[in-house]
Amino acid sequence: MARDSRLNILGLQRFGLGLRPGDLAAIGGDARDLFLDEAKRRSVPVPIGLDLVGQAQIGSAFYAFQDKEKAEREAPRPAMQAAMIPAPGGMNGGEGASAPPEPPLPQRIYRDEVAARMRAGLEPLAGFGERLAQFWSNHFCVSVSQGNFVRVLAGAYEREAIRPHVFGRFEDMLLAVESHPAMLIYLDNQQSIGPNSPAGKRRGRGLNENLAREIMELHTLGVSGGYSQADVTSLARIITGWTIAGRDGRLGFPGVFAFNAGVHEPGVHPLLGKDYEEAGAEQGRLALLDLARHPATARHVALKLARHFVADDPPSALVSQLVETWRRTEGDLAAVSAALIQSNEAWGTEAAKLRQPQELLLAMLRALGRKPEFGPIAGALATMGQPLWQPSGPNGFPGNNDAWATPEGIKTRIDVAAVWGRQAAGAASDPRALLEAVLGPLASAETKQAVARAESKPQAIALLLMSPEFQRR
Amino acid sequence: MSDAIRDDDDDCEAMTPSRRSVLGAASALFAWSFMPKFAHAAAGSRDARFITVVLRGALDGLTAVPPIGDPNYADLRQDIALQRDGADAALPLDGFFHLHPAMPNLARLYGQGYAAIVHAAATGYRERSHFDGQDVLESGQQGPGRVDSGWLNRMIAALPAGEAIARHGVLGVGVVPPLIVRGQAPVLGWAPPVMPRAGDDLIQRLGDLYGQRDPMLANVLARAIETETIVLGQGMGGDRMRARGGPGNPQGMVQIAEGAARLVGADDGPRIAALAFEGWDTHANEGGAKGRLAGLLGGLDGAFNVFETGLKRVWKDTVVMVVTEFGRTARVNGTVGTDHGTGTVAFLVGGAVRGGRVIADWPGLKPEQLWEQRDLRPTTDIRAVAKGVVTDLFGLSGPVLAEKVFPGTGDIAPMPGLVV
């Protein structure tokens, strides 16, 4: 019984978001049922409370921002001040006599999106849907370091292309991802031009194969999935014209996905031995559907899923179960995710992996009941090496334990825990009671003793947050 | 120079889990601080420093070191081709090759004989995935997929026990250190701090707790403490090194290089380090003499400068090697950038470098001379360069290099004469 209840809570950390004070009593019996119920109800949190919600709203606001900036750059000097819009609420937490000025639009949208994403992670009791959303968001990552257009769209991208499909079909998520303005900008496809298209002939410009390569290497087949350089170039031709509507509205509402026939490379294009007839945007849709249904895609993504949640070297029986479920259900992610939860191999092992910094941060917010504010969150994530929507490349943040269990990685976690311990100490209950509430039967005698013997309440909280039981899952 | 290229076996087996060496007893945790200071090397032998910089994203070697003397260069590069003359002229090297105008420090070091440039270079990897390319470059394995350790770490592990270099371990810069340093030999870690550092008492208590409960965390924390001691000894505590910019930003590159140089230059510091700069994946609007890539090259050039300053005391025994996973297409692409390619450049900088030369078996840029009619054809293996440097600096034998450090590369001879 003692062992079972321990594994039950460990499972909650492995597949969920971590306990809030009071949750232990609410869990009741088998935590597995909570996760399976989320999969059945297709329950994925949706970040809310944002001024600008969809790609259309955000895109047109961003165009207007760019136009205004351009006008100000070209205007005589006094116009500079107009870029600063007065702050409505002092959200940034400044302590001066007057609230700090609001940042420019891109930073403001990013700030609000980060806070909304974190708030959404506080709601669920178990949170399997949220953890999966984070997994898929990283699998199909974009990075705000690419530029301000991706910065304003990153949150909308996750809401529009990832979250609706977490318990849906992989092929639907793939289509939503590859046709989202954020991805088309991040991997340069909006600039790619078919050399024999009207625009290509007129302007002498041509292909950019960045997105086409990463679709096959990272998003679907995997690097050893059996495609060639010729396939990369061919897929790049197929998806020429997948772009974002400009500010002039010629292709559609400014800021949304559009197919631009004028830059599409005409003709029949082969991919992985099959010819795709000329059919405009439909040609790309059919190619993506075939990539989604390719057996190499099931193998590549199922292995990555098992690696992320369970172990760097996951049990082969688990991976086979996931691949088999994927094949049988043709990529029904609710079924694949449920198979992960139902697997005894995935459930019963000891904690092999460290929580990644974003998981850790959310667990800390939940454990401490701390309000998600942008400044402390962004600071902590940058310190620990995992700023939100900002991986260093299109392969996303690493999923293997070795990448995070490093001297500098642990040192920065301790730095964050020390600061958060100090900030939480005033409002927090007795750290010993908090330990019991957020780790329950997971807490070891040694950790209990370390927390009890801490020299201060801030230190006790920092020790709790840095304990092996809180760090691992 | 002979053509030392092999086709890689393109083998991609399942990733094996990495197992760190485990420190068991809690009592061993802080023992490092009581270690006596050894003389670093026997009299007369060299106490060498070796820093590897990985440029992630695939550096365009034809823009960094343009072969302006090649008759096909200007046509291939069109709008982004660099010029011999004019306001933004490239810096002359040997008449045939020039250097990007954003790199005056490197030009100076080259002129002083402290920098060598290897051109038309690549590892044995012939596909075009960044991540597999970086894995091959850093793991030292012949193909991707075997990522449990990096070749720098295995090189240290292959040195005789008690050797100063081995005892000091290898420094991996960054919260997520480069694969090239990972493995069994001790890995130290440092990055420019974003937040104030936690107090010693908390760290001591966590060291005790991990010692009782979690050997892996205990080991990692011990390395963190070890590095912090050197950091404080170098006056790098407090706000002075507070992070600015990060590894994809020119200012951030210079700062990271400065920190690494000070740690590697310290008497009690690591002798070997690796760091990574990011952002070299210039698919669109790459720019020529000015623009996106020029900004990054300026950051790298600034890093060379602070390496020289920070390692002044040991400069004559220093080699900094800069490598990237592969090059970019010879032709400019449809979006005034370049796509993933093959051959590129590597830089060797330092007082121990036999510099002032471009080392290249130039393959030419005519369509039929290009690799797959698209990329600069590689004629020099980067592993031959790396082997040459570490053979001369650390005295590793050919068989050890071919079996342990770069497994299965007996047919790739160390390039001789790179080090003074």
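Trainee: Let's start with helix α24 of chain A, residues 457-466. How many of the ten residues are buried?

Mentor: Nine of the ten are buried, so α24 of chain A is largely enclosed by the rest of the structure. Keep in mind that this is a predicted model.

Trainee: Which residues of α24(A) are the buried ones?

Mentor: They are A:P458, A:Q459, A:A460, A:I461, A:A462, A:L463, A:L464, A:L465 and A:M466.

Trainee: And what covers them?

Mentor: The cover includes α18 (357-368), α21 (407-425), α22 (431-439), α23 (445-452) and α25 (468-471) of chain A. Helix α7 of chain B is also part of that cover.

Trainee: Interesting, chain B shows up there. How many residues of chain B are in contact with chain A?

Mentor: 53 residues of chain B are in contact with 53 residues of chain A. On the chain B side, the elements that give two or more residues are α4 (130-139), β6 (187-190), α7 (200-213) and α8 (215-233).

Trainee: Which element has the largest share of that side?

Mentor: That is α7(B), with nine residues. As for the classes, the side of chain B that touches chain A has 26 nonpolar, 15 polar and twelve charged residues.

Trainee: Switching to chain A as a whole. How many helices and strands are there?

Mentor: Chain A has 25 helices and four strands. Its radius of gyration is 24 Å, close to the 23 Å that the globule rule gives for 473 residues, so chain A is as compact as a globular protein of that length. The C-alpha trace of chain A spans about 75 × 65 × 40 Å along its principal axes.

Trainee: What share of chain A is buried?

Mentor: Buried residues are 55% of the 473 residues in chain A. If you take the contacts in chain A with a separation of 6 or more, 70% of them come from residues 24 or more positions apart.

Trainee: What are the domains of chain A?

Mentor: The domain assignment gives domain 1 (2-30 + 352-471) and domain 2 (169-310 + 313-351). Ten residues of domain 1 of chain A are in contact with 13 residues of domain 2 of chain A. The domain 1 side of that contact has five nonpolar, three polar and two charged residues. Taken over C-alpha atoms, the centres of these two domains of chain A are separated by 35 Å.

Trainee: Now chain B. What's the count of helices and strands there?

Mentor: Chain B has twelve helices and eleven strands. Buried residues make up 60% of the 420 residues in chain B. Among the contacts in chain B between residues at least 6 apart in sequence, 75% join residues at least 24 apart.

Trainee: How is chain B divided into domains?

Mentor: The division is domain 1 (49-192 + 243-405) and domain 2 (195-242). 14 residues of domain 1 of chain B are in contact with eleven residues of domain 2 of chain B. On the domain 1 side, β6 and α9 (250-265) of chain B each supply at least two residues, and β6(B) gives the most, with four residues. By class, that side has eight nonpolar, three polar and three charged residues.

Trainee: I keep looking at strand β8 of chain B, residues 318-324. Is that strand buried or exposed?

Mentor: Seven of its seven residues are buried, so β8 of chain B is largely enclosed by the rest of the structure. In a regular strand the side chains alternate between the two faces of the sheet. Here both faces are covered, with B:T318, B:V320, B:V322 and B:T324 buried on one side and B:V319, B:M321 and B:V323 buried on the other.

Trainee: Which strands pair with β8(B)?

Mentor: Strand β1 (residues 49-56) of chain B pairs with β8(B) in the parallel sense over seven bridges, and B:I51 stands opposite B:V320. Strand β9 (residues 344-349) of chain B pairs with β8(B) in the antiparallel sense over three bridges. There, B:M321 stands opposite B:L348.

Trainee: Last topic, the largest nonpolar core. Which residues touch the most other members?

Mentor: Of the 272 residues in that core, the ones are A:L322, B:A115, B:A260 and B:A273.

Trainee: What does B:A260 touch?

Mentor: Leaving out residues up to four places away in sequence, B:A260 touches B:I51, B:L171, B:V173, B:A273 and B:L275.

Technical notes
Residues are numbered from 1 along each chain as its sequence is written. Chains are lettered from A and ligands numbered from 1 in the order in which they are written. This is a predicted model: local features need pLDDT of at least 70, side-chain atom pairs count only at pLDDT 80 or more; totals for chains, interfaces and linings use all residues. Domain bounds come from an automatic or database domain assignment. Two residues are in contact if their C-beta atoms, placed from the backbone, lie within 7 Å. Ala, Val, Leu, Ile, Met, Phe, Trp, Tyr, Cys and Pro count as nonpolar, Asp, Glu, Lys and Arg as charged, and the others, Gly among them, as polar. A nonpolar core is a set of buried Ala, Val, Leu, Ile, Met, Phe, Trp, Tyr and Cys residues joined through C-beta atoms within 7 Å. A residue is buried if 20 or more other C-beta atoms lie within 10 Å of its own, exposed if 12 or fewer, and partly exposed in between; C-beta atoms are placed from the backbone. The radius of gyration is taken over C-alpha atoms; the globule rule is 2.2 Å times the number of residues to the power 0.38. Two strands pair if DSSP finds at least two bridges between them.
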